[in-house]
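Morning, everyone. Have a look at this one with me, and I'll keep it short.

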Amino acid sequence: MKKWLLIVAALVLTACSSDDGKTYYQLPQSSTPTMQAVGQPGTHLLWVDQVSVPDYLAGNGVVYQTSDVQYVIASSNLWASPLDQQLRNTLVSNLSSALPGWVVASQPLGSVQDTLSVNVTGFHGRYDGKVIVSGEWLLNHQGQMIKRPFHVELKQQVDGYDAMVKTLAQAWQQEAQSIASQLTRFN
């Protein structure tokens, strides 16, 4: 009798651990962490206040555009953590790398800091083999508001969700570089 209970328990455990066919994605972080000193003279402070996404991107599913008017939200290819958090974290990391001499953080840094907010309206793959990263950013620099739209299209080199996520990350990093070059003009 005990032998049967062990077999049944093993079968139940095996069934519970079976693969559900879901794949989870996380945007890659910048590979070179940078040390930043807060409060030194000449240090520029940048708070990445928020990165917001529309409802269709805010869910768990990776988004793919199938025609000029139709989008599919994947049910088996999912973001490992909320997309807005991933975008904010990678933006802070990418800006930190691109702006030596700056302190870039996702927390307020003090009373005298620049504040960056980003509204991402597109972050998806598309039927023609390209990925789209679009939206606008708003910088509060010494009380002056500076607003810039962005639209990045990159060709995916290989088919599949893995390649799409990597290409989206590359497009996001490219936009971070663009933001960094704009920020250096204001300071």
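**The pocket, then a helix pair**

Start with the largest pocket: T43, H44, L45, V112, Q113, D114, Q142 and N187 line it. A pocket here is an open set of points on a 1 Å grid where a 1.4 Å probe fits, with protein on both sides within 12 Å along at least five of seven lines, and lining residues have an atom within 4 Å of a point. About 150 Å³ of space lies inside the largest pocket. Its lining splits into two nonpolar, five polar and one charged residues.

This is a predicted model: local features need pLDDT of at least 70, side-chain atom pairs count only at pLDDT 80 or more, and totals for linings use all residues. Residues are numbered from 1 along each chain, and side-chain values use heavy atoms, without hydrogens or water.

Now the helices. Helix 3 (residues 83–98) packs on helix 4 (residues 161–186) at about 50°, axes 9 Å apart. Who meets whom? From helix 3, L87, T90, L91, N94, L95 and A98; from helix 4, W172, Q173, A176, Q177, I179 and A180. Contact means heavy atoms within 4.5 Å. By class, that contact has eight nonpolar, four polar and no charged residues.

Key. Axes fitted to C-alpha atoms, helices over the stretch in contact; angles between N-to-C directions. Helix = DSSP H or I, 4+ residues; strand = E, 2+ residues; numbered from the N terminus. Nonpolar A, V, L, I, M, F, W, Y, C, P; charged D, E, K, R; others polar. Points joined across faces, edges and corners; volume = space filled by probe spheres on them.
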